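Take a look at the model below.

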Amino acid sequence: LGACGLKVSRIGLGMMTFGTPAWRPWVLDEAAARPIVRRAVELGINFFDTADMYSAGLSEEITGRLLTELAPRDEIVIATKVSWDHLRRDQIMPARERSLRNLGTDVIDLYQIHWPAGSFGSARRASASRSEVFPALFLPTTRFTRPSPWSSSRSKPRKFWTRTLVS
């Protein structure tokens, strides 16, 4: 990825399909997800994308457990998203902490806003909502970290870049 030294596979695996069918009828449970994720890792895929809203966080939990089981943490790239309706700073920080716990990691490699089409309805409403939310929003796009009470042996220091989306 650029000059940072992070190697990202050309193909990533979206994890929205894994969680609980109680959320969506087409969602697969952890047992069904395991061979799919295992095969992706075997084929060299190291980019996995999920969101806090998929199966009410269960997708992040499954992603974290399977990747811990199948690949060294310093060889995978985990992306997750904060829901579009949790964009105030006092909402983003707890959402980030939940995602870190769900994923069982101390690093989120790519933290994005989940902004589905139609989230704000009209353009007029979008303009008003964005102006209320974004002036206070600072969101690094890579390596969202927190202090960990555990040894840092799981997460080797890596060079990375951070970019402010909105300040």
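Leaving aside its neighbours within four places in sequence, which residues is Ser99 in contact with? They are Asp52, Glu60, Thr80 and Ile108, where contact means heavy atoms within 4.5 Å.

A word on the source. This is a predicted model, in which local features need pLDDT of at least 70 and side-chain atom pairs count only at pLDDT 80 or more, while totals for chains, interfaces and linings use all residues. Residues are numbered from 1 along each chain as its sequence is written, and side-chain values use heavy atoms, with hydrogens and water left out.

Ser99 sits in helix α3, residues 89-103. Helices here are DSSP runs of H or I, at least four residues, numbered from the N terminus. Ser99 has a relative accessible area of 0%, so it is buried (under 20%, with a 1.4 Å probe and protein chains only). Its side chain makes a polar contact of 2.7 Å with that of Glu60. Such a contact is a pair of N or O atoms within 3.5 Å, one able to donate a hydrogen and the other to accept it.

Now widen the view to the helices. α2 covers residues 58-70. Its axis and that of α3 lie 7 Å apart, at an angle of about 45°. Glu60, Glu61, Thr63 and Gly64 of α2 meet Arg98, Ser99, Asn102 and Leu103 of α3.

Finally, confidence. Mean pLDDT (the predictor's confidence in each residue, from 0 to 100) is 77 for the protein chain. Over residues 122-167 the pLDDT is below 50. Where pLDDT is low, the predicted coordinates should not be read in detail.

Note on methods
Helix = DSSP H or I, 4+ residues; strand = E, 2+ residues; numbered from the N terminus. Buried < 20%, exposed > 50% of the residue type's maximum accessible area, 1.4 Å probe, protein only. Axes fitted to C-alpha atoms, helices over the stretch in contact; angles between N-to-C directions.
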